[in-house]
Amino acid sequence: MRSYYRMIKRWDIIVVTLLVILSFLPVVIFTYAQTEKSTEDAIKVAVISLNNKEIKRVTLTGHQGTEIFDVHGHGDDVNTIEIIDEKIRIKSANCSDQVCVRTGYITKPGKTIVCLPHKLIIEIQTVDGETEDLIISS
């Protein structure tokens with residue numbers, strides 16, 4: 001055991017520690033970028049896509065009550081989507097792994113629910129609440 005301690009030098013420990021600290025840099029950058037996007041007046045929208053084609057957009061900001069609907073894919077593929085107030089989830093699916101059902105509710109921008117067997121994706125995006133007036137001149 002002592003022979004292993006003799007092999008490790010001071011710079012080895014410094015380099016490994018530096019690399020571990022740098023490995024967390026992407027998390028910090030993406031967290032900062034996400035907080036920049038989610039402002040107070042931003043509107044959260046759930047985008048539901050099937051086979052890379054957008055099939056429905058649901059505005060979550062200000063949504064009240066419960067809404068349940070089915071998404072039918074290829075063949076017998078069925079996903080039941082439930083929206084309660086400002087959160088969305090896949091309530092049931094007839095896929096074999098049920099990972100999408102176990103994901104639960106999502107509410108924050110950037111979060112996704114993916115059902116790989118049915119090729120269904122639910123992603124929460126933000127839309128700026130501010131409207132810009134465009135001046136078009138010829």
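His118 is buried, with a relative accessible area of 6% (buried means under 20% relative accessible area, exposed over 50%, and partly exposed in between, with a 1.4 Å probe and protein chains only). The model is predicted, so local features need pLDDT of at least 70 and side-chain atom pairs count only at pLDDT 80 or more, while totals for chains, interfaces and linings use all residues. Residues are numbered from 1 along each chain as its sequence is written, and side-chain values use heavy atoms, without hydrogens and water. The mean pLDDT (the predictor's confidence in each residue, from 0 to 100) of the protein chain is 86.

His118 lies in the loop between β6 (112–115) and β7 (120–127); strands are DSSP runs of E with at least two residues, numbered from the N terminus. Not counting residues up to four places away in sequence, His118 has contacts (heavy atoms within 4.5 Å) with Leu50, Asp77, Val78, Asn79, Ala93, Asn94 and Cys95.

The strands β6 and β7 run antiparallel and are joined by 4 bridges; two strands pair if DSSP finds at least two bridges between them. Cys115 has Leu120 in β7 as its bridge partner. The two strands form a hairpin with 4 residues between them, and Lys119 in the turn has a positive phi of about 60 degrees.

Ile55 is placed in strand β2 (residues 53–59). Ile55 counts as partly exposed because its relative accessibility is 44%. The C-alpha atoms of Ile55 and Leu120 are separated by 10.0 Å.
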